[in-house]
Structure formats: structure tokens, C-alpha cells
Amino acid sequence: MKLMHALLTIAATSVEGQQYVRVSSSKINGDALEDSRQRTTGLTTKDMRRLRKRSWSDDDYIKERNVLDGLYDSFGGNGWYQMEEQDHCRWSKVTCSGGMITGLYFSHVGAQGTIPGEIMHLKNLESCWLAENQLTGTVPVEIGTLPHLERLYLASNKLTGTIPVEIGQLQPLEWLDLSSNQLTGTIPVKIGHLENLIWLKLSKNQLTGNIPAEIGNLQYLARLNLSYNQLTGTIPVEIRNLPQNLEYFNLDGNQFS
């Protein structure tokens, strides 16, 4: 099911410094214009008036709306949005700031399917909570392009493949939880470069190889759980010397020498 269909030309027009959506059509007016506008953008005239008060471009808004459309299709629907509310910033599982999406809260909604790479278009996303569903496929590498992401919570799904090294590019990241999936491969060394990381939970996967010594450099780390994987080698000295603010530490269920 699609939330919007780009059937007419959408153009961003500026009037006295304010942006609004213009549906280009010289043959449509009155009720016909209203119907066409809503079919094209998924927005009513009332929604349009709200948009004119915001500072971002309409192209950004429509692009983000299309991402939610893709999530709906990929996750199989499950009625997680309010059909009657056209402005997605008013949906209960979406948060916005200045009209742009900052949070997705779709944990425990029975979502199935894969996480689409188009999530990369949510450039202001700070929190992504998709845990406790039945999501399959891999963690998309495109997540590593989200410049403001602080919390990534994908635990308790059926995700496979490796942990993308691109996650190591998420410098604002504070919370990373990929536990209770079916992830394989090694722990990317670049995770140890996430200097703001407070919570790292990769437990109950099928991860192999050594623990990167670089994780021991995470001075703000408060919780570390790598338990119940297939990690080998020795526990790095750097891990043993983690800061005293570490509240929780669990490496049980591995194959260390």
C-alpha cells in the first residue's frame, strides 16, 4: 500500500522566505485541485498551510514521506501509522524536530521483511528503534551515512550477515544494540572509534574472531555485553582496563583461550 504517488509535478516555491508545495497544473481548480493535491502528496490543504511555516524544503519532506512508505511496504504494514493523519510528524511512532524526522519507534510491532537502504534519506534521524520484531536480511550499510544517529536498537530480530563496518562512521552514536540476531563475522575494529558510545550490546549472535582492542579505548562506555557468541583468542588488556564507570560487563559463553 502506497501513502503517496507522485503523479503531478511538485515544485518548491519561495514566497517571502517561506517554502511551500506547488502542484503544477493549469487545468485543475477548486475541488479537483484539492483531490489532485492529496493524491499527489498525501497532504490536504490544511497540511499544506502547516508546511509553509517550516524552514525545510518540500523535497526533503516528500523524500522522508517516501521512506516511511518504503518502511510500510517492507515491514508488511501492520497498521503502525494513523491512516487519518496525513502529516507523518503527528504519527505516534514517529518524532520530528522542525518538521524533519528524528525518531522511528517501531519496536515490538510485528514488523517483518527487511530494513530498506532508503533509510539513509532520514538525514536528521537520531533514534532508530526496530527491536523485537521479525525483521530479516542484513543491517543495511546505508545506516552508516546517517550523520546524527545516536541510538540504534535492532535487537531480537532475525537479521543475518555481518555488522557493517560503516557503523564505525556514526560518531554521535551512544547506543548500539544488535543483540539476539543471527549475525556472523567479526566485530568491526571501527566500533572502537565511536568515542561517544555508552552502550554496546552484541550478545547472542554468531560472531567470531577476537575482540578488537580498540573497544578498550571507549572512555564513556558504561555497558558492554558480547556474551554468547563464538569469540576466540585472549581478552585484550585494553578491555580489562576499561574505565571505572563501566556498570555492566559480560563476555560469558564464548571460546576465549
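Reader: Which hand does the link of cysteine 89 and cysteine 96 have about the S-S bond?
Author: The link of cysteine 89 and cysteine 96 is left-handed, with -85° about the S-S bond. This is a predicted model, in which local features need pLDDT of at least 70 and side-chain atom pairs count only at pLDDT 80 or more, while totals for chains, interfaces and linings use all residues. Residues are numbered from 1 along each chain as its sequence is written, and side-chain values use heavy atoms, with hydrogens and water left out.

Reader: And how many disulfides does the count come to?
Author: The count comes to one disulfide, a disulfide being a pair of cysteine sulfur atoms within 2.5 Å. Cysteine 89 is joined to cysteine 96, with an S to S distance of 2.2 Å.

Reader: Is cysteine 89 buried or exposed?
Author: Cysteine 89 is buried, since its relative accessible area is 18%. Buried means under 20% relative accessible area, exposed means over 50%, and partly exposed is in between (1.4 Å probe, protein chains only). Cysteine 96 counts as partly exposed at 26% relative accessibility. Cysteine 128 counts as buried, at 1% relative accessibility.

Reader: What does the secondary structure come to?
Author: The protein has four helices and 14 strands. Helices (H or I, at least four residues) and strands (E, at least two) are DSSP runs, numbered from the N terminus.

Reader: In what order do the strands of the open sheet come?
Author: The open sheet has eight strands in the order E3-E4-E6-E8-E9-E10-E12-E14, and the pairing is mixed. Two strands pair if DSSP finds at least two bridges between them. E3 and strand E14 (248–250) stand at the edges with a single partner strand each, so one side of each is left without a neighbour in the sheet. From one strand to the next, the twist averages 15°; axes here are lines fitted to C-alpha atoms, for helices over the stretch in contact, and angles run from 0 to 180 degrees between N-to-C directions.

Reader: Let us stay with E3 for a moment. How many bridges join E3 to E4?
Author: Strand E3 (residues 94–97) is joined to E4 by four bridges, and these two strands run antiparallel.

Reader: How many residues of E4 are buried?
Author: Strand E4 (residues 100–105) is mostly covered, with five of its six residues buried. E4 is also joined to E6, by three bridges, and those strands run parallel. The bridge partners in E6 include serine 127 for glycine 103 and tryptophan 129 for tyrosine 105.

Reader: Changing topic, how many aromatic pairs are there in the whole structure?
Author: A search of the whole structure finds five aromatic pairs. Rings of Phe, Tyr and Trp (its six-membered ring) pair if their centres lie within 6.5 Å; planes under 30 degrees apart count as stacked, over 60 as edge-to-face and the rest as tilted. The rings of tryptophan 129 and tryptophan 175 are tilted, because their centres are 5.6 Å apart and their planes stand at 55°. Tryptophan 129 lies in strand E6 and tryptophan 175 in strand E9 (residues 175–177), so this pair ties together parts that are 46 residues apart in sequence.

Reader: Why is the pair of tryptophan 175 and tryptophan 199 called stacked?
Author: The ring centres of tryptophan 175 and tryptophan 199 are 4.4 Å apart and the planes are at 10°, so the pair is stacked. Tryptophan 175 is in strand E9 and tryptophan 199 in strand E10 (residues 199–201), and the pair links parts of the chain 24 residues apart. Tryptophan 175 is partly exposed, with a relative accessible area of 25%, and tryptophan 199 counts as partly exposed at 21%.

Reader: Which residues form the aromatic cluster?
Author: One aromatic cluster is formed by Tyr105, Trp129, Tyr153, Trp175 and Trp199.

Reader: Finally, where is asparagine 133?
Author: Asparagine 133 is in the loop between strand E6 (127–129) and strand E7 (134–135), and counts as buried at 9% relative accessibility.

Reader: What does the side chain of asparagine 133 reach?
Author: The side chain of asparagine 133 reaches the backbone nitrogen of alanine 111 at 3.0 Å. A polar atom of that side chain also lies 3.0 Å from the backbone oxygen of leucine 130.

Key
A polar contact is a pair of N or O atoms within 3.5 Å; within protein, one must be able to donate a hydrogen and the other to accept it, and residues adjacent in sequence count only if both atoms are side-chain atoms.
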